[in-house]
Amino acid sequence: MKPQIHEAFLARLSTLRLTTRGRRKSQLAGGHSSRRAGVSLEFLDYRSYLPGDDFRYIDWNAFGRLDRLLVRSFVHESDMPVYIIVDLSASMSIGSPSKADYASGLAAALAYVGLRGFDRVGLYLFSKTLHAPLPPARGLAQMSRIFQRLEADEPRGQTSMDDALGQFVASVSESGLVILISDFFSPGGREQGLDGLLRHGHEVVVVHVLAPEEVEPRNAGRTQFVDIETGRNVTLAVGEQTLAEYRERLLAFRSALATSLRRRAILSFETTTDRPLASLFHEDFRARGFVR
Amino acid sequence: MSFLHPAAFALFASAAILIFLAFLRALTRQQAVSSVALWVGLTQSPERQRPKLHRWADPLLLIQLLALAAMIFVIAQPQRRAEQAALRGLVLILDESASMRTEDAPGVSRYARAVERARVLLSENPASRLALIQFSSRSHVVVPPTDDPAVIARALDDLAPSWRGDGDESDLLNLVSAIGGFDSYDRLVLLTDRTPDDLPASISTERFDNGGRNIGITAFTVRENPVGPGVSAFLELRNDTPDALEPRLTLRDETTSVTVTLAVGPETTEQYVSPFSASRGSRFTASLSGEDDYAADNVRYFSLDRPSGLSVRWIGEQNLYLRAALESVVEIRNAEPSSAADLTIVVGLTLDELPAGNVLLLASDVPALYRFVDASGRAGGTAEADDPAHPLLTGVEPQGIYVETLPETLFLVDAISILRVGDVPLLSLIEDHGRLLFVFSTDLRGTNLPITVDFPILVRNLISTVARVPGPLVHEWRVVGEPLDLASSGTVRGIRTPGDETITPEPGRTLFIAEEPGFYEVQATRETRAIAVNVPPGESARSPLPTEPVRSAATPSSSQEVMRRMWPLFAWIALLLLAVEAGLYLRFDAARRIG
């Protein structure tokens, strides 16, 4: 896959941070939700003060020297593993650019945002099962590893989201932020997988990726439609009526997915591969508080 | 443009059917989708299902039709008229001499290359008058003037090189005159491996001589040993290679062979004498071992007329000296009492009646013909000859013969004095009613003959008068292409060739042309003898390359209308179109399936 991501776009992402909702778990004893002073927290680094930061962590000494508001960040505060799970089944190869290329660019951008925010970021690719997972880690080296993994793999095989998510849940011991990027064309179902994530305390964010050709097909005449994952085919004489019915059916599919995710309080976004990532980040992600 | 097979255009009818069907078929695209479930069961559009005529033409179909049209044109064999420069006349002259058998290139003779070149010249030089001549020691016209190149081409298929020697330029000129003369032809091409002298400028020459490696026998004769049994072979070897060689030479007669190793320097001609003392035969073959580019001179033939044996009857004591001398010349058989002898030898007797046949009387007298006077013998001396040119004295030096004592002989009949000592006959010859009587007046012991070289020569000369032994040692080489004179053999019943074919010459015909090397057995009333025929030794010589360039071809003097076939052009067009169609199909098909 070729992550469609440019340096200028990355520069705009450098000021963004991933946010979460709800409670977080931590490995540190005593919990991490307390922010009382005096708690034995491991100092990590300084960062610029952003509106909304706890002013108790402002380093006034640094302000006196540099005349800049800097906030001390601690390991504990930053200890939020981010699991980016990308669907690499054969259906993700549809589209121009393909959904897989778009998803890999999105995954790379999210990983960048997370790593810039000193989060531990991991990458998990799947089709029927997980493909050689990359556990969460910090730093630029992890960014490089994520890029290499995204470039090396190609979409293949059938989708089994339940199996893959089940495998993911079993492989990680720490809950975190799970960002699931997929077209959700999974014959094997997805409900169990999603429920499994939630049961293990993960905060799940979903990005539903579709190709514009799938949303608005322009077929006409006799066409043999071949399922790229199963090989099953059907031949239709496509006309306006056919397309209208297809759009209804797709809308129903999308609505069902949105309803399923909403019922589980899963933050979800929908996009097509012809939409720039920058637009997705700044208009959708930021508007709905996924990033700040 | 015209067509040889216009009926091929009927195939266009089938193309029309294909076109109609192609336009009628509904075009089905193929598209991959993420989930076919979104499409299954959707309402189809009826009007999209019906076959209909497309308003547009599939570009691939157009290319296929063009390719089909090109192939139909190929089948129809189109041709067009064209003006082509033509010669007034073309004469192809092929050197067929034995040296053209040389294989400068492995397995390919110069002659074969010349024939291929002749085909090219024939195709590249259309002419209204064509002829073909073979050039050698017996040049001849193979194809007289014709306007049909196919006749020349067929004749070229049947040609082969001969064993003859080089041709004579004057014969060639005569042949050209016989077929119309130089003015009738724009181009005359001689295809040869030599550079003939004094060719007219109107004959251009193309050489086929890449040098090659050759070592061969250029001379071979056999002589009877004057002293001792057997023969000696005299050979000349020519080495045209840059290397010193040591070929093995094998001499053979009908029953015996001997092999010797010779040393020949690079690019030299050497002469050798090889003894062959065990030989009793008359047909000799000399052959060289090893392979070179010109094999025709590696085997040579020589026939030496030798008697198969001499039957002798001894009357009186056998003279050992005489017997030894006889056996050195020829195989001696004692004649059966009841059969005639070739020679009867009487030693030391007085006969009242001579035996039949030829007789050698050694210290014997026949009172009816001659008698010895003064039996005690007169003092001898050195022999002299009244007629040194007598055949019995060929190769004999009488002054080397010394006689101690000899009786005076009184002849009562005419006798030819061959040798005498003073005025006393030593050796005389009496021709008696068709037979020969040799009278040697003294016993050999009273002479130095037994220890002289002259004695066996004298005996050999004597035998040759009573049996078939060549007296004068004359070398005579007969070469392929030269006529053999058979008149001396009498009426020839048949000639067996080296190829074991028996030819019966026409009655009265005394000349025979040998066309291949080897032994020709002449079966005649008078004798049966072998004649050795060889490839001319001159064919072994390497001719230096000419220093002046080959003369250029003549300018065509006229033009002629020819029909040029165009099917190769259309065949290439068809292939190109099919390749383009295949490439486009693969590209379009991939695009259809991706969707």
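**A walk through two chains**

I start in chain B, where B:D186 and B:R88 form a salt bridge, with 3.0 Å between the closest N and O atoms. B:D186 sits in the loop between α6 (169-178) and β7 (187-192), and B:R88 in the loop between β3 (78-86) and β4 (90-95), so the pair ties together parts of chain B that are 98 residues apart in sequence. Please keep in mind that this is a predicted model.

Are these two residues buried or exposed? B:D186 has a relative accessible area of 14%, which makes this residue buried. B:R88, at 37%, counts as partly exposed.

A salt bridge also joins the side chains of B:E206 and B:R117, at 2.7 Å from N to O. Here again distant parts of the chain are linked: B:E206 belongs to strand β8 (residues 203-207) of chain B and B:R117 to helix α4 (residues 110-124) of chain B, 89 residues apart. B:E206 is buried at 16% relative accessible area, while B:R117 is partly exposed at 26%.

One more pair from chain B is B:D386 with B:R420, whose closest N and O atoms are 2.6 Å apart. B:D386 lies in the loop between β20 (370-384) and β21 (402-411) of chain B, and B:R420 in strand β22 (residues 416-421) of chain B; 34 residues separate the two. B:D386 is partly exposed, with a relative accessibility of 46%.

In chain A, salt bridges that share partners join A:R190, A:E191, A:D195 and A:R264 into one network. Over all chains, the count comes to 32 salt bridges.

Chain A has 292 residues, and 53% of them are buried. This chain holds 10 helices and 10 strands. Of its contacts with a separation of 6 or more, 75% are between residues 24 or more positions apart. Chain A exposes about 13,500 Å², and carbon and sulfur atoms supply 50% of that area.

Chain B has 595 residues, of which 47% are buried. In chain B there are nine helices and 32 strands. Among contacts between residues at least 6 apart in sequence, 69% in chain B join residues at least 24 apart. Chain B exposes about 29,200 Å², with 54% supplied by carbon and sulfur atoms.

Which residues touch the most other members of the largest nonpolar core? That core has 45 residues, and the ones in question are A:L18, A:I84, A:L110, A:I181, A:F281, A:F285 and A:F290. Helix α4 (residues 99-116) of chain A gives the largest share of this core, 12 residues. A second, separate core has 41 residues, including B:L392, B:I401, B:V403 and B:V424.

Leaving out residues up to four places away in sequence, A:Y102 touches A:V209, A:T271, A:T272, A:T273, A:R275, A:P276, A:L277 and A:L280. A:Y102 and A:D274 are 172 residues apart in sequence, yet their C-alpha atoms are 8.7 Å apart in space.

Back in chain B, helix α8 covers residues 454-466, 13 residues in total. At 1.5 Å a residue this helix should span 18 Å, and its end C-alpha atoms are 19 Å apart, which agrees. How many of its residues are buried? The number is 11 of the 13, so α8(B) is largely enclosed by the rest of the structure. The buried ones include B:F455, B:I457, B:L458, B:L462 and B:I463, and also B:D454, B:R460 and B:N461.

Last, the surface. A:W60, A:F63 and A:L69 make a nonpolar surface patch of about 290 Å². A:L69 is in the loop between α2 (60-66) and β2 (70-74) of chain A. With a relative accessible area of 34%, A:L69 is partly exposed.

That is the end of the tour. I will take questions now.

Note on methods
Residues numbered from 1 in each chain as written. Chains lettered and ligands numbered in written order. Predicted model: local features only at pLDDT ≥ 70, side-chain atom pairs only at ≥ 80, totals over all residues. Heavy atoms only, no water. Helix = DSSP H or I, 4+ residues; strand = E, 2+ residues; numbered from the N terminus. Expected span 1.5 Å × (residues − 1). Buried < 20%, exposed > 50% of the residue type's maximum accessible area, 1.4 Å probe, protein only. Salt bridge = Lys/Arg side-chain N within 4 Å of Asp/Glu carboxyl O. Patch = residues over 30% accessible without salt bridge, like charges linked within 9 Å, V, L, I, M, F, W, Y side chains within 5 Å. Areas by Shrake-Rupley, 256 points an atom, 1.4 Å probe, with all protein chains shown as cover. Core = buried A, V, L, I, M, F, W, Y, C linked by side-chain atoms within 4.5 Å. Contact = heavy atoms within 4.5 Å.
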